[in-house]
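This report describes one protein for a reader who is new to structural analysis. Please keep the sequence and the three-dimensional view at hand while reading.

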Amino acid sequence: RIAPPASVESEVTAGAVGPEIVAAAVRLGVRWMVVGTRSPGLLRRLFARDIAHGLLHRASCPVWYVPAK
């Protein structure tokens, strides 16, 4: 079975990253989201994980987090 095409939307906002993503997801009626990072440094990896952790606990839809290799 072939899945139907996915709809992709983008939006530019200002504010704290995690809460802005959650608010945009609610506003856009997002059914699920994928969050990834290409951050090579330790500090950036920790920051990206903090955002993903917040999304996992605050989002009203499933969140898939894809870490950098």
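## Surface and overall layout

The accessible surface of the protein comes to about 5,900 Å², and carbon and sulfur atoms account for 60% of that area. The model is a predicted one, and the values reported here are computed from its atoms.

The protein has 69 residues, of which 23% are buried. Its secondary structure consists of 2 helices and 2 strands. Along the sequence these elements follow the pattern α-β-α-β.

## The nonpolar core

Which residues form the largest nonpolar core? There are 9 of them: V22, A25, M33, V35, I51, L55, A59, C61 and V63. Two or more of these residues come from each of the elements α1 (17-28), β1 (33-36) and α2 (42-58). As a general background, nonpolar side chains in soluble globular proteins tend to be buried together.

When residues up to four places away in sequence are left out, A59 touches V22 and M33. Both V22 and M33 are also listed in the largest core.

## The largest pocket

A probe the size of a water molecule, rolled over the atoms, shows where empty space is left. In this protein, the largest pocket holds about 870 Å³ of space. Its lining includes 27 residues, and those closest to the centre of the pocket are E9, V30, W32, M33 and V34.

The elements α1, β1 and α2 each give two or more residues to the lining. Which element gives the most? Helix α1 does, with 6 residues. By type, the lining divides into 17 nonpolar, 6 polar and 4 charged residues.

T13 is located in the segment before α1. Is T13 buried or partly exposed? The relative accessible area of T13 is 39%, and T13 is therefore partly exposed, since this class lies between the limits of 20% and 50%. Leaving out residues up to four places away in sequence, T13 touches E20 and R27. T13 and A24 are separated by 11 residues in sequence and by 8.7 Å in space, C-alpha to C-alpha.

P19 belongs to helix α1. Its relative accessibility is 43%, so P19 also counts as partly exposed. P19 and A59 are 40 residues apart along the chain, and their C-alpha atoms are separated by 9.0 Å.

S60 lies in the loop between α2 and β2 (63-66). Is S60 buried or exposed? S60 counts as exposed because its relative accessibility is 71%, and the exposed class begins over 50%. In sequence, S60 and R31 are 29 residues apart, while in space the distance between them is 8.5 Å, C-alpha to C-alpha.

Conventions. Residues are numbered from 1 along each chain as its sequence is written. This is a predicted model: local features need pLDDT of at least 70, side-chain atom pairs count only at pLDDT 80 or more; totals for chains, interfaces and linings use all residues. Side-chain values use heavy atoms; hydrogens and water are left out. A nonpolar core is a set of buried Ala, Val, Leu, Ile, Met, Phe, Trp, Tyr and Cys residues joined through side-chain atoms within 4.5 Å. Buried means under 20% relative accessible area, exposed over 50%, partly exposed in between (1.4 Å probe, protein chains only). Helices (H or I, at least four residues) and strands (E, at least two) are DSSP runs, numbered from the N terminus. Contact means heavy atoms within 4.5 Å. On a 1 Å grid over the protein atoms alone, a cavity is a set of points where a 1.4 Å probe fits but cannot get out, and a pocket is an open set with protein on both sides within 12 Å along at least five of seven lines; lining residues have an atom within 4 Å of a point. Grid points are joined across faces, edges and corners, and a volume is the space filled by probe spheres set on the points. Ala, Val, Leu, Ile, Met, Phe, Trp, Tyr, Cys and Pro count as nonpolar, Asp, Glu, Lys and Arg as charged, and the others, Gly among them, as polar. Accessible areas come from the Shrake-Rupley method with a 1.4 Å probe; for residues, only the protein chains shown count as cover.
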